[in-house]
Amino acid sequence: MLHLASLAAAALFVGAASAQDTRSTKVYGVVANYTDTRSFPGGPEKLQRILRTARSFHAEGSGGAHDLVAEVHPVLLQLPQARPPGKCQRPDAAALSAALRDAGIDLSGLHALVLVVPPSAQGCPGGLQTVFRHVESDGAARRVPLALAWSLTERYVTHEIVHTYGVGHANSLVCRKVTLAADCRTREYGNAWDLMGHDGGGLRMISAPIRAFLGWTQPMVHEAGRATYTIGAATKAGGLPTAVEVRLPPAGGDAVKVQMPLALWIEYRAAFGFDRRMASTRGGGFPGGAMVNLTGSWRHGTGDRARTIACPRTAPCLLDMTPSTPTFGDAALAVGQTWTDPFTGTRITVDGRTDTTLTVTVTSP
């Protein structure tokens, strides 16, 4: 999945990070052909079903606070161009605008256009999010967020819609057989347990830092001392908060020069709703313990070898709590286990769980 999200697209999602009341996002879905290709059989009807699922995904992840309102063009849209050459090429913006105008499609008042088209000549997986320049029938130009998918599937279409909110990919932190160190590296798409990561299966819920950015969850915040927290499962909260944000105290020195404040995000990804596949995935998944993501950034090394490790809230990094194995399939911090952050000495202990709740104790210096 290519990600070409722009500031213009993110800006149209005003107030996403802080809004706590119910809100709506309005999108319009189109399935299109090129002049030399056949599109997806039953495309408009299938896209309508996919967008209904995407609406349910928004509702479940936000506890009903975010409604996705979608309308789908009832017939296949014919684009006045041949299939683009090369790999992962978008439709020509002028050709797309012309087809939209000819079909009488009005893009005013929309958050995004959701477009599904056949892949370009050399193929392409997934999709991309970008902004295209649409020229109206009166000659006025508008920049429209575009969630484009080359695959008519729930996962890819919903993934690209979420990108239009200014969200990046769900990554992981690879640290040479330890959970966290100064010289880690980020792996894009590395959190396969998150819709915004890479996984060949269906939808999984978005991880806590991204849900908080979208206003879907309000985490409990831990800044100092020792405290015990009980959180609800991300997809079956039962009225409980679904995350703890542990704000780490400043860490400095030659190895770690913090550039963006660091935080650990603890959540419980039990096998309910869109997370029902958690329990059946090879490696055990997260129903038995805590998922922990890191946000923030730091600079490591000096001179020509200096580099920045960045895990913003919109693209957090999953930590592997079982780093002795080569997979993130068993990355949960299990019940009874304690992990200590090597930068600050902050400790996380998973005290216990039920089917729908997880209890953790956090101790900060």
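Is Pro 316 buried or exposed? I began my notebook with that residue, and at 0% relative accessibility Pro 316 counts as buried. The model I am reading is a predicted one, and I keep that in mind for every entry below.

**Entry on Pro 316**

I found Pro 316 in the loop between β14 and β15, the latter covering residues 317-318. Setting aside neighbours within four places in sequence, I listed its contacts as His 169, Ala 170, Asn 171, Ser 207, Pro 209, Ile 210, Asn 293, Leu 294, Thr 295 and Cys 311. I also looked up the spacing to Glu 188, which is 128 residues away along the chain, and the two C-alpha atoms are separated by 9.8 Å.

**Entry on the cores**

Next I turned to the largest nonpolar core, which has 36 residues, and noted that those with the most contacts inside it are Leu 173, Leu 180, Leu 264, Ile 266, Trp 298 and Leu 319. Several strands each supply at least two residues of this core, among them β10 (225-232), β12 (257-267), β13 (289-300) and β19 (357-364). The largest share, 4 residues, comes from β13. Apart from this core lies another, of 32 residues, and I wrote down Val 27, Leu 68, Val 114 and Ala 170 as being among them.

I then went back to Leu 180 and looked up what it touches when residues up to four places away in sequence are not counted, and the list reads Leu 173, Cys 175, Leu 294, Trp 298, Leu 319, Trp 339, Asp 341, Pro 342 and Phe 343.

**Entry on α2 and α4**

How do helix α2 and helix α4 pack, and at what angle? I read that α2 (residues 43-62) and α4 (residues 154-163) pack at an angle of about 60 degrees, with their axes 10 Å apart. That angle makes α2 oblique to α4, and the crossing of the two helices is right-handed. From α2 the residues that meet the other helix are Leu 47, Ile 50, Leu 51, Thr 53, Ala 54, Phe 57 and His 58, while from α4 they are Glu 154, Val 157, Thr 158 and Ile 161. Sorted by class, this contact has 7 nonpolar, 3 polar and 1 charged residues.

I stayed with α4 and checked its burial: 9 of its 10 residues are buried, so the helix is largely enclosed by the rest of the structure. The buried residues of α4 are Arg 155, Tyr 156, Val 157, Thr 158, His 159, Glu 160, Ile 161, Val 162 and His 163. What covers them includes α2 together with the strands β2 (66-72), β4 (112-116), β5 (127-135) and β6 (141-149).

**Entry on two positive phi values**

Before looking at these residues I reminded myself that most residues other than glycine have a negative phi. Cys 88 has a phi near 60 degrees, a positive value in a residue other than glycine. I located Cys 88 in the loop between β3 (77-78) and α3, and with a relative accessible area of 16% it is buried. Tyr 189, which is not a glycine either, has a positive phi of about 65 degrees. Its place is in the loop between β8 (185-187) and α5 (208-214), and at 17% relative accessibility Tyr 189 counts as buried.

**Entry on three further residues**

Ala 99 has its place in helix α3 (residues 93-102), and it is buried, with a relative accessible area of 4%. Leaving aside neighbours within four places in sequence, I found Ala 99 in contact with Leu 77, Gln 78, Leu 79 and Pro 80. Ala 99 and Asp 351 are 252 residues apart in sequence, and their C-alpha atoms are 58 Å apart in space.

Ala 237 lies in the loop between β10 and β11, where it counts as partly exposed at 23% relative accessibility. It touches Gly 232 and Thr 242 when residues up to four places away in sequence are not counted. From C-alpha to C-alpha, Ala 237 and Glu 60 are 9.6 Å apart, although 177 residues separate them in sequence.

Not counting residues up to four places away in sequence, Arg 353 touches Tyr 268, Pro 287, Gly 288, Val 335 and Leu 358.

Definitions and conventions: Residues numbered from 1 in each chain as written. Predicted model: local features only at pLDDT ≥ 70, side-chain atom pairs only at ≥ 80, totals over all residues. Heavy atoms only, no water. Axes fitted to C-alpha atoms, helices over the stretch in contact; angles between N-to-C directions. Parallel < 35°, antiparallel > 145°, perpendicular 65-115°, else oblique. Left-handed = near helix turned anticlockwise from the far one by under 90°. Contact = heavy atoms within 4.5 Å. Nonpolar A, V, L, I, M, F, W, Y, C, P; charged D, E, K, R; others polar. Core = buried A, V, L, I, M, F, W, Y, C linked by side-chain atoms within 4.5 Å. Buried < 20%, exposed > 50% of the residue type's maximum accessible area, 1.4 Å probe, protein only.
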